[in-house]
Amino acid sequence: MTKTVKKFLFLMSTLALVGSFMACSDDSTQSSTDTSVTTQINSASGDVDLKNATINENVIINRACTVSNAKFSGKTITVNVTGVTLNNISDAVVVAAAGIESGSLIIKDSDITTLTVLGGGSNSIHLSGRTKVAKVAVQKKAVRIALEDTANVTALTVSADRVLIEGDDNTKVASLTVDN
């Protein structure tokens, strides 16, 4: 090969290599562990420990499991199935969606800004341990809200019929509004 052809091939190879690096965006170079939290939760085979992570995205839970240890920065956790436990979750808006049907949702040792109840039944929405919820809005009829241990609700609004609210001696609902 001539010297000119070798230089040309070297130059083309270099340009192709540089071009491939420049074409990669930041998102495409992230590791496979940088998937959405929703995907991590719904594709895991067991319970999910988020290891005190700060979550900056809304999350949808579509399988029975325990999700633990995360700050949600005001983002929404939508629970679509029965058998979910949220443990040591903070600064989250939680939606107990209609997909829970007559099943249960357990929120344990968590600080929740808002809990909207659109699903659940006689098996309950359980607030347990040291859970604190600033605002609960019950919009589903025939649901049971069970406060256990030292759970505390600042404001509870009921906008449905046949809602049962139960509490232990050390639980507290500071304000109750019935709006139906």
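A salt bridge is a side-chain nitrogen of Lys or Arg within 4 Å of a carboxyl oxygen of Asp or Glu. Keep that in mind as you explore this predicted model, which holds 2 salt bridges. Side chains of opposite charge can pair when their charged atoms come close.

**Stop 1: Asp-111 and Arg-130**

Select Asp-111 and Arg-130 and show their side chains. You are looking at a salt bridge whose closest N and O atoms are 3.8 Å apart, and that falls within the 4 Å cut-off. Where do the two partners sit in the chain? Asp-111 belongs to strand 7 (residues 111-117), while Arg-130 is in the loop between strand 8 (125-128) and strand 9 (132-138), so the bridge ties together parts that are 19 residues apart in sequence.

Asp-111 is partly exposed, at 31% relative accessibility. Arg-130 is partly exposed too, with a relative accessible area of 37%.

**Stop 2: Arg-144 and Glu-166**

Next, select Arg-144 and Glu-166. Their side chains also meet in a salt bridge, with 2.8 Å from N to O. This pair links distant parts of the chain: Arg-144 lies in strand 10 (residues 144-147) and Glu-166 in strand 12 (residues 164-167), 22 residues apart.

**Stop 3: a nonpolar patch**

Leave the charges behind and select Ile-165, Val-173, Leu-176 and Val-178. On the surface, these residues form a nonpolar patch with about 330 Å² of accessible area together. Which strand gives the most to this patch? Color strand 13 (residues 172-178) to find out: that strand supplies 3 residues.

Click on Val-173 for a closer look. This residue is found in strand 13 and is partly exposed, with a relative accessibility of 32%.

**Stop 4**

For the last stop, select Ser-128, which is found in strand 8. Hide the surface here, because Ser-128 is buried, at 6% relative accessibility.

Definitions and conventions:
Residues numbered from 1 in each chain as written. Predicted model: local features only at pLDDT ≥ 70, side-chain atom pairs only at ≥ 80, totals over all residues. Heavy atoms only, no water. Helix = DSSP H or I, 4+ residues; strand = E, 2+ residues; numbered from the N terminus. Buried < 20%, exposed > 50% of the residue type's maximum accessible area, 1.4 Å probe, protein only. Patch = residues over 30% accessible without salt bridge, like charges linked within 9 Å, V, L, I, M, F, W, Y side chains within 5 Å. Areas by Shrake-Rupley, 256 points an atom, 1.4 Å probe, with all protein chains shown as cover.
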